[in-house]
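Open your viewer, get ready to select residues by number, and follow along one stop at a time.

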Amino acid sequence: MITKLNEYLKKNTEAAPLAVFRIFFGIMMLLSIIRFWSMGWIDKLYIQPKFFFSYYIFDFIKPIGGYTYLIFFVCGLSAIFVTVGYKYRVAIITFFLSFTYIELMDKTTYLNHYYFISILSFLLIFLPANTYYSLDAKRKKDSCQKIPAWTIDSIKLLLGIVYFYAGLAKLNSDWLLRAMPLKIWLPSKYDIPFLGELMQQEWIHYAFSYAGALYDLMIPFLLLYKRTRAVAFVAVIVFHVLTRVLFPIGMFPYIMIVSALIFFDAKVHHKILRYISKIFRVKKAKFDTNQTLQATSNSYKIVQKIIGLFFIIQLLLPFRYLCYPGELFWTEEGYRFSWRVMLMEKAGYANFKIVNKETGQRFYVNNDDFLTPFQQKQMATQPDFILEYAHYLKKHFENQGHQNVQVFVESYVALNGRLSTQYIDPNVDLGEQKESLKHKMWIIPFKDEIKGL
């Protein structure tokens with residue numbers, strides 16, 4: 001087995017697919033930054049709020065006022081450099097750091113596809129995406145048309161993990177037996193032309209649920225198999241376009257569509273590069289040197305070990321929820337970074353009470369004084385948000401001169417159409433609870449059962 005692995009690691013392939021992937025990745029990222037900026041979301045999400053929810057361990061990362069625009073500018077500029085392959089290594093590292101900083105500034109804006117972009121850009125740091133059809137290759141006059149096959153296969157593997165794990169997550173009783181949460185979401189799409197009336201039918205809710213699970217589980221393998229690749233790519237387009245029509249999830253569908261091109265043979269990518277060359281008057285023939293990328297064995301071994309560790313983490317991290325008791329959808333302990341995409345609808349409210357431990361005097365907090373409506377919505381249904389906000393309230397009122405401050409919360413949550421039930425133990429002083437990776441004992445246990453992975 002080790003012999004076969006060594007033989008595989010020495011195998012070379014065309015660099016065109018990786019070059020095309022680099023170009024489309026850079027374009028998609030640039031458009032994402034421009035869209036975010038033009039919609040006014042930088043100001044709305046990172047300038048206006050008085051308080052920001054932090055990720056555990058990364059609580060030192062915060063928006064930096066008006067200078068937050070500079071981070072987005074650097075991120076967009078680095079995306080341009082990645083696209084054209086100029087100073088690629090510096091550019092992709094800069095993009096990874098700036099984009100990940102943006103992602104970590106406020107937990108309220110967490111989305112699976114932001115996480116996907118972060119880890120994908122990290123992976124691209126170690127791939128020779130600038131050795132062919134790039135300004136770096138033109139400037140250094142050392143274009144390499146052949147690169148190690150594993151460099152392209154690593155992107156395919158990451159995409160496969162995202163899809164397959166998303167499919168595994170859908171194998172639960174709420175998704176398959178109750179068509180939840182699609183049964184809640186789809187009827188609200190009544191105003192979509194041609195599809196609105198169809199979205200009211202219960203059989204459509206179940207059909208979409210099963211189709212979504214099958215799609216995620218099968219699409220990586222269908223893309224890998226040459227005979228089914230073209231049909232699979234059409235399915236990718238239909239699935240993601242339909243998803244974009246039904247749900248406001250930004251650029252992610254388009255990113256996944258262009259990313260799926262990596263599964264096609266080099267001939268397809270050479271056609272794409274010829275088309276790009278024709279538009280921008282680039283002499284593609286200068287890059288077609290038929291040379292093979294040469295790298296020192298020591299540097300390759302280090303890179304391979306880093307990427308190997310990277311994929312071990314990606315394979316294991318989504319299963320960390322098994323370390324926690326209780327229902328995952330309820331506690332959300334181990335929920336993030338696990339490719340559980342659009343699996344639940346949670347609604348609730350959290351009413352915080354400030355109590356003087358010695359005198360018993362109390363008053364209730366108006367969350368509007370501290371949080372935006374979007375932050376309140378996210379906070380009310382996620383325990384780590386509730387705890388962090390409680391700590392903030394404790395510190396805030398202590399700074400105002402209040403003595404012996406205790407913080408309690410009256411919290412109720414409804415999950416996937418169930419009746420609203422109490423979420424957090426109202427008798428626990430959250431100001432005394434510490435954030436950690438341990439199970440939060442003050443979450444009231446889920447009163448139902450969701451079977452599945």
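A residue is called buried when its relative accessible area is under 20%, exposed when over 50%, and partly exposed in between (1.4 Å probe, protein chains only). A salt bridge is a side-chain nitrogen of Lys or Arg within 4 Å of a carboxyl oxygen of Asp or Glu.

Before you click, note that this is a predicted model, where local features need pLDDT of at least 70 and side-chain atom pairs count only at pLDDT 80 or more, while totals for chains, interfaces and linings use all residues. Residues are numbered from 1 along each chain as its sequence is written, and side-chain values use heavy atoms, with hydrogens and water left out.

**Stop 1: a lysine in a loop**

Select Lys-189, in the loop between helix 10 (182-185) and helix 11 (202-224); helices here are DSSP runs (H or I, at least four residues), numbered from the N terminus. Now show the backbone oxygen of Leu-246: the side chain of Lys-189 reaches it at 2.8 Å.

**Stop 2: salt bridges**

Side chains of opposite charge can pair when their charged atoms come close. The structure holds 17 salt bridges. Start with Lys-183 and Glu-202, whose side chains meet at 3.1 Å, N to O. This pair links distant parts of the chain, with Lys-183 in helix 10 and Glu-202 in helix 11, 19 residues apart. Lys-183 is partly exposed at 25% relative accessibility, and Glu-202 is partly exposed at 45%.

Next, select Glu-398 and Lys-394, which form a salt bridge at 3.4 Å, N to O. They sit four residues apart in helix 18, so about one helical turn separates them. Glu-398 is partly exposed at 37%, whereas Lys-394 is buried at 14%.

Then try Lys-440 and Glu-435, with their closest N and O atoms 2.9 Å apart in a salt bridge. Lys-440 is buried at 10%, while Glu-435 is partly exposed at 26%.

Finish by selecting Lys-107, Arg-336, Asp-384 and Glu-388 together: a network of salt bridges links them.

Conventions. Helices (H or I, at least four residues) and strands (E, at least two) are DSSP runs, numbered from the N terminus. A polar contact is a pair of N or O atoms within 3.5 Å; within protein, one must be able to donate a hydrogen and the other to accept it, and residues adjacent in sequence count only if both atoms are side-chain atoms.
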